[in-house]
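The following note sets out some points for a colleague who is examining this entry. Each point takes up one site or one part of the assembly.

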Amino acid sequence: MTRAIEEHPLTGYLRIDRVPHIWCEGCGLGILLNSFVQALKDLEFDMDKLVVVSGIGCTGRASGYIKSDAYHTTHGRAIAFATGVKVANPDLKVVVISGDGDLFAIGGNHFIHAARRNIDMLVICANNFNYGMTGGQLGPTTPIGSRTQTSPYGNIEQPFNLSALAACSGAVYVSRWTTLHVRRLTESIKKGIHKKGFSFIEVIAPCSTVYGRYNRLGDGLDMMNDLKEISVIKHGIYPTEATIEPGKEIVVGDFVDIEKPEYSDMVQAFIKEQMEG
Amino acid sequence: MSRKVLTGSYFVHGDWACAEGALAAGCKFYAAYPITPASEIAERMAVRLPQVGGAFIQFEDELGAMAAVVGASYAGKKAMTATSGPGFSLMQENIGLAIMTEAPCVVVDVMRGAPSTGQPTKAGQGEMMQVRWGSHGDYEIISLVPSSVQETFDLTVEAFNRSERYRIPTFVMVDGILGHMYERIEIPEPEEIDIVNRKKPTQTPEEYLPFKADEDLIPPMANFGDGYHFYSTGLTHDERGYPDMSIEVQDKLIRRLSDKIRRNEEKIIRIEEVDVEDAEILVVAYGIPSRSALKAVEQARAEGIRAGLLRLITAWPFPTRILEDLSSQLDAVIMLEMNYGQLVREVERAVKPTPVTFLPKLGEEPHKPDEILTAIRRCSG
Amino acid sequence: MGQNLGLAGPVQVNRDFCKRCGYYFEFCPRGVFERPDEITLKGVTPPRINEWAECTMCSLCTLLRPDIAVSIEV
Ligand SMILES: Cc1ncc(C[n+]2csc(CCOP(=O)(O)OP(=O)(O)O)c2C)c(N)n1
Ligand code: SF4
Ligand code: SF4
Ligand SMILES: [Mg+2]
């Protein structure tokens, strides 16, 4: 016997008319989407005040499933676009959800400068160690030795530690989780949404179809089981110390939570001063 | 005194006039990366925007500046950036994004010449084709070419109005000479300046389809934060804004994006004609060289030569039909550009088979009236 | 919007959304589900249920479902 689903419990937050989504069977990106939407629901966040922005890539499709104002920019420019939105209307909360390649290869410049400015924005990066959308090429987080379409003999480039890069660039909140840590991830997203300033959450997500296949990591379930085995929670350590070695050890946790003056507030303050003065 | 939008008479340069024109039009957001000869626009905006309640941000590069302008436009603000050749090249992809997602915005290019870094401090008209075709795919844009400091002010206001009216990036193509040249300008009272604002949806959020166009092919635009909860993407999209890879949706969208301009060409195109009615020799020019052209045409008339001047005020859409209609009365056309041959090809196409003499100018100096007069005499002899 | 598999307990699977990731039955802390051994219903893999009584309605399965196919009906 089958029953029709009357109303999906997340109807107010998701564009259910666009589900099933485009992500592959066993892909971790759907978990990230769940977690984000759950955080909004837990916070009873005012969806009129939310703008979700993505770049290009598998992860970049996330903005299209969230039922707020949302925008899918060009490859690498999500943070730049989001900066424009935030400065133009500081009442809005802007969240950027995008991939490791989008945010740290082609878009890396905007990331470090947005963090430096400390503009109020939550950036969630799905780190799947490769370019999923274009068929699994080498990216800025691909581990040494990993095989991708463009590192057929094994990667020889040193990867970024994204959380460390965020912290060193000036982010006021930094945490890293895997898709397996979905509850803790949800809690961090809630913190990130509330945090005033540039916040960064790195989410290690299995890309089973391409990265998993080239590196013989099995299906999504196997990759999730692997994450379960190798991840270690260490709250509060500075992220330069937070190892990220897929297959060996991935340190997760809440790493940075500090206070600093926020950019759009300061812009508003001197606009006020100039207009009155 | 300098707190609000200015009114009155000022002795200023083109970049200054451009910045004040933007403010008069209601610009509330400016993002850019410094570059000669456009930096003075940024510098003026950095001082003035906060005074009128707007925000200025110096970006880390022009790719980001252009993306931020699109973001600010979606957040409901009139937004502008200004740059020059190299920066204009970097902006092209996100200019395409503005076209595809129909974000009203203004891009000012204070032109120099040559590929790459060229001569940074010198003027040119090097991006007249790039502004039309620089981003990939099929599209139309509007671009305006002022030839005086006053007109730089006026056309910047006009650029905002057109971008808001047609939901399209609109370009003001200033050249390096004009950007740095001082002239007296009159800024009218605010009530005397026509301001156009984007069409807002009248539907409820539930009924709203963000890319469903009205009769005029332009969809009403909700702003982020208005409660419409809509999605917009640079991918080919249907009326809901959802990605759609079908042939039908691609065909419909791409046609509409161009047709909203093509169908309104007559309203959009602006030219200035001097002594064209009975002209046998037509000088076509735009921007700074058109000032020398005017002198030359006046002298030619004094010598009894039936010469006329057609000055482009909009470069794109190009006034092909107007030139076509004139061609039967013309014996010769002379085209002036501060480049090695860009819009002259459009002129040739339009006036065929009338012969076209092209006078290129490379490197700072605009054409001298004398050399234009010599060319007119040669054509009439 | 879609058809539920009509499992007897509180957890429901929308078969129009499901892509067979298998996450929710693998990681249920109470071992409510058992890995199925065959693929049925248009590629959907309905779990074999061990013991509904074990379910604490913790909702982890609804967070770990990448295809938005799993929900809890209270
Ligand atoms: C300017 C530009 N260059 C290249 C591409 C092709 N491209 C699309 S997505 C992508 C990589 C995405 O990788 P990532 O951000 O890691 O996202 P994932 O698919 O892995 O989630 C590339 C190179 C593009 N769309 N635009
Ligand atoms: S290619 Fe990889 S990242 Fe993209 S949807 Fe498939 S599994 Fe996910
Ligand atoms: S709600 Fe919790 S206990 Fe119940 S089936 Fe889901 S994961 Fe298992
Ligand atoms: Mg990736």
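1. Donors are taken here as N, O and S atoms within 2.8 Å of the metal, and because water is not among the atoms, sites may look incomplete. On that basis, the donors of the magnesium ion (ligand 4) follow the spacing D-x27-N-x1-N along the chain. The site links distant parts of the chain: Asp100(A) belongs to helix α3 (residues 100-106) of chain A, and Asn130(A) to the loop between β5 (121-127) and α5 (162-169) of chain A, 30 residues apart. The model is a predicted one.

2. Which atoms coordinate the magnesium ion (ligand 4)? The donors come from Asp100(A) through OD, Asn128(A) through OD1 and Asn130(A) through O, at 2.1 to 2.2 Å. Asp100(A) and Asn130(A) are both buried.

3. Ligand 1 lies between chains A and B. There are 17 residues around ligand 1, and those that come nearest are Cys58(A), Thr59(A), Asp102(A), Gly132(A) and Met133(A). By type, the shell of ligand 1 divides into 5 nonpolar, 9 polar and 3 charged residues. Its largest share, 4 residues, is supplied by α3(A).

4. Several backbone atoms of chain A approach oxygen atoms of ligand 1. For Gly101(A), a backbone N or O atom lies 2.9 Å from an oxygen atom of the ligand. For Asp102(A), the corresponding distance from a backbone N or O atom to an oxygen atom of ligand 1 is 2.7 Å. Asn130(A), which also coordinates the magnesium ion (ligand 4) through O, has a backbone N or O atom 3.0 Å from an oxygen atom of ligand 1. Taken alone, ligand 1 exposes 590 Å², and the protein buries 77% of that.

5. Chain B and chain C are joined by no contact, and their closest C-alpha atoms lie 18 Å apart.

6. Is Ser163(B) buried or exposed? Ser163(B) counts as buried because its relative accessibility is 1%, and buried means under 20%. The residue lies in helix α6 (residues 149-166) of chain B. Leaving aside neighbours within four places in sequence, Ser163(B) is in contact with Pro104(B), Cys105(B), Val106(B), Ile168(B) and Thr170(B).

7. Chain C has 2 helices and 5 strands, which run β-β-α-β-β-α-β from the N terminus on. Of its 74 residues, 54% count as buried. Among contacts in chain C between residues at least 6 apart in sequence, 47% join residues at least 24 apart. The accessible surface of chain C comes to about 3200 Å², and 49% of that belongs to carbon and sulfur atoms.

Notes: Residues are numbered from 1 along each chain as its sequence is written. Chains are lettered from A and ligands numbered from 1 in the order in which they are written. This is a predicted model: local features need pLDDT of at least 70, side-chain atom pairs count only at pLDDT 80 or more; totals for chains, interfaces and linings use all residues. Side-chain values use heavy atoms; hydrogens and water are left out. Donors are N, O and S atoms within 2.8 Å of the metal (3.2 Å for Na, K and Ca); water is not among the atoms, so sites may look incomplete. Buried means under 20% relative accessible area, exposed over 50%, partly exposed in between (1.4 Å probe, protein chains only). A residue is near a molecule or strand if one of its heavy atoms lies within 4 Å of it. A polar contact is a pair of N or O atoms within 3.5 Å; within protein, one must be able to donate a hydrogen and the other to accept it, and residues adjacent in sequence count only if both atoms are side-chain atoms. Accessible areas come from the Shrake-Rupley method with a 1.4 Å probe; for residues, only the protein chains shown count as cover. Ala, Val, Leu, Ile, Met, Phe, Trp, Tyr, Cys and Pro count as nonpolar, Asp, Glu, Lys and Arg as charged, and the others, Gly among them, as polar. Contact means heavy atoms within 4.5 Å.
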